[in-house]
Amino acid sequence: MECKEALSLIDLYNEDKLRGAQKEQFLLHVRSCPACYEELDIKFIVTRGLKGLDSKEKQDFNFSGMLHTKIQKEIGQIKRHHNVLQTVLLFILIVLTAIMVILL
C-alpha cells in the first residue's frame, strides 16, 4: 500500500470501518511508515479526545498508547487468523493426500 492510499483510509480506520485485506494492508503500512503513523496518531488523538469530551466517564488520555495497543492487538488477530487458515489448509492437504494414497 502506498502512503496516499493509507492516508485516505485513516478516517475509516478511526471509525472502525476497515475490514479484511484492506485493513491488514493499512495496518502493515502504518506500522512500517513513520509519516503515515504520525498522521494516524494525530487524527486518532483528535478523534478520541473529542469523543472524550462528550463522555462523563473517566478518560485515559494516553491516546498514543491506546493507538499502539489497538494496532498491536489487531495485527495479532490477523496473525492468528492466518495461522488458523494455514492449519485448515494443511489439514485439507493431508486429507487429500490420504485419499489419493487410498485410491492408488
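Buried means under 20% relative accessible area, exposed means over 50%, and partly exposed is in between (1.4 Å probe, protein chains only). Keep those cut-offs in mind for the tour.

This is a predicted model, where local features need pLDDT of at least 70, side-chain atom pairs count only at pLDDT 80 or more, and totals for chains, interfaces and linings use all residues. Residues are numbered from 1 along each chain as its sequence is written, and side-chain values use heavy atoms, leaving out hydrogens and water.

**Stop 1: two cysteines**

Select Cys3. Cys3 is partly exposed, at 35% relative accessible area. Cys36 is buried, at 2%. How far is the sulfur of Cys3 from the closest cysteine sulfur? The distance is 3.6 Å, to Cys36, and that is too far for a bond. A disulfide needs a pair of cysteine sulfur atoms within 2.5 Å. Searching the whole structure turns up zero disulfides.

**Stop 2: helices α1 and α2**

Select residues 3-14 for helix α1 and residues 20-32 for helix α2. Helices here are DSSP runs (H or I, at least four residues), numbered from the N terminus. The two axes come within 10 Å and cross at roughly 115 degrees. Each axis is a line fitted to C-alpha atoms over the stretch in contact, and angles run from 0 to 180 degrees between N-to-C directions. So α1 and α2 are roughly perpendicular to each other, a label for angles of 65 to 115 degrees.

Next, show the side chains where the helices meet. On α1, pick Cys3, Ala6, Leu9, Ile10 and Tyr13. On α2, pick Gln22, Lys23, Phe26, Leu27 and His29. These residues are in contact, meaning heavy atoms within 4.5 Å. What classes of residue make up the contact of α1 with α2? There are seven nonpolar, two polar and one charged. Ala, Val, Leu, Ile, Met, Phe, Trp, Tyr, Cys and Pro count as nonpolar, Asp, Glu, Lys and Arg as charged, and the others, Gly among them, as polar.

**Stop 3: the loop**

Select Arg19. Arg19 sits in the loop between α1 and α2. Is Arg19 buried or exposed? Arg19 counts as exposed, at 56% relative accessibility. Arg19 and Met100 are 81 residues apart in sequence and 38 Å apart in space, C-alpha to C-alpha.

**Stop 4: helix α3**

Select residues 34-54, helix α3, and find Arg48 there. Arg48 touches Phe63, Met66 and Lys70, leaving aside residues up to four places away in sequence. Finish with Phe91. From Arg48 to Phe91 is 43 residues in sequence and 43 Å in space, C-alpha to C-alpha.

Definitions and conventions: Helices (H or I, at least four residues) and strands (E, at least two) are DSSP runs, numbered from the N terminus. Angles under 35 degrees count as roughly parallel, over 145 as roughly antiparallel, 65 to 115 as roughly perpendicular and the rest as oblique.
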